[in-house]
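Please follow the chain in the structure shown below.

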Amino acid sequence: MYRLHGFCQSGNSFKVAFLLRALGQPFEPVCVDFMNGVTRTDAWRDQTNEMGEAPVLEDGALRLTQSGVILTHLAAKHGAYAGADENERREVLRWILFDNHKFTSYFASYRFAKSFGPSAPDPAVMAWLRGRMDGAFGIVDKHLAGRGFIVGDQPTIADFSLSGYVFYPDEESGSFLTGRFPHIQAWRERLRALPGWASPYDVLPGERLAPRW
Ligand SMILES: N[C@@H](CCC(=O)N[C@@H](CS)C(=O)NCC(=O)O)C(=O)O
């Protein structure tokens, strides 16, 4: 059985959990004690992921990191959500790279600082991140106008990747999405209707925390 190392606040882990569930693949969750700093220890980095990040997926003897790599591996292995042909698969990769660099990355950093950081966030840093988030979300919102999914007319791992953080409660990210980006909102509802969808807090291990700041 797959073993997924992650934690419930981690949208990057949720991307993988959501895909595994959509594929009907059971997995054993392995809780990463991220909030107490385990991913920064030498032992965790030596034994689990030298990059110091969750998620990590164990598939037999294979130990995979980087959600984009994991999603690509699972889609190819199970023959679903990879994209219909070579052109679509190239587009899927393009959107996963955009997601990792800009869409998930700025949003996840903002949400972490707003809700789970050890000290109150710096307003100047938050303002800069919000500007980057507005840019990335605006691009995805425009792309989704008049189309159901990110690539082609069926869901692909590009959708799973981009959706990692959009199902968390709005207050965790300072209500960044509330009433904004109508095409992203509609797309989020389409993804919620996919087989296996469930709230990140119901499928990933660890303790749910109230937003701190
Ligand atoms: N590009 C990576 C990002 C993974 C990532 O940043 N994970 C967070 C938890 S959600 C993490 O472990 N961060 C640790 C750090 O940035 O030091 C992926 O998609 O897997």
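Asp85 caps the N-terminal end of α4: one of its side-chain oxygens lies 3.2 Å from the backbone nitrogen of Asn87. This is a polar contact, that is, a pair of N or O atoms within 3.5 Å; within protein, one must be able to donate a hydrogen and the other to accept it, and residues adjacent in sequence count only if both atoms are side-chain atoms. Helices (H or I, at least four residues) and strands (E, at least two) are DSSP runs, numbered from the N terminus.

The model is predicted: local features need pLDDT of at least 70, side-chain atom pairs count only at pLDDT 80 or more, and totals for chains, interfaces and linings use all residues. Residues are numbered from 1 along each chain as its sequence is written, and side-chain values use heavy atoms, with hydrogens and water left out.

With 30 residues, α4 reaches 40 Å from its first C-alpha to its last, close to the expected 44 Å; the expected span is 1.5 Å times one less than the number of residues. At Asp99, α4 bends by about 55°, the angle between axes fitted to the seven residues ending there and the seven starting there.

The loop between α3 (67-78) and α4 (86-115) holds Tyr81. Although Tyr81 is not a glycine, its phi is positive, about 70°. Tyr81 counts as buried because its relative accessibility is 18%; buried means under 20% relative accessible area, exposed over 50%, and partly exposed in between (1.4 Å probe, protein chains only).

Ser175, in the loop between α6 (157-162) and α7 (182-192), is not a glycine either, yet has a positive phi of about 55°. At 34% relative accessibility, Ser175 is partly exposed.
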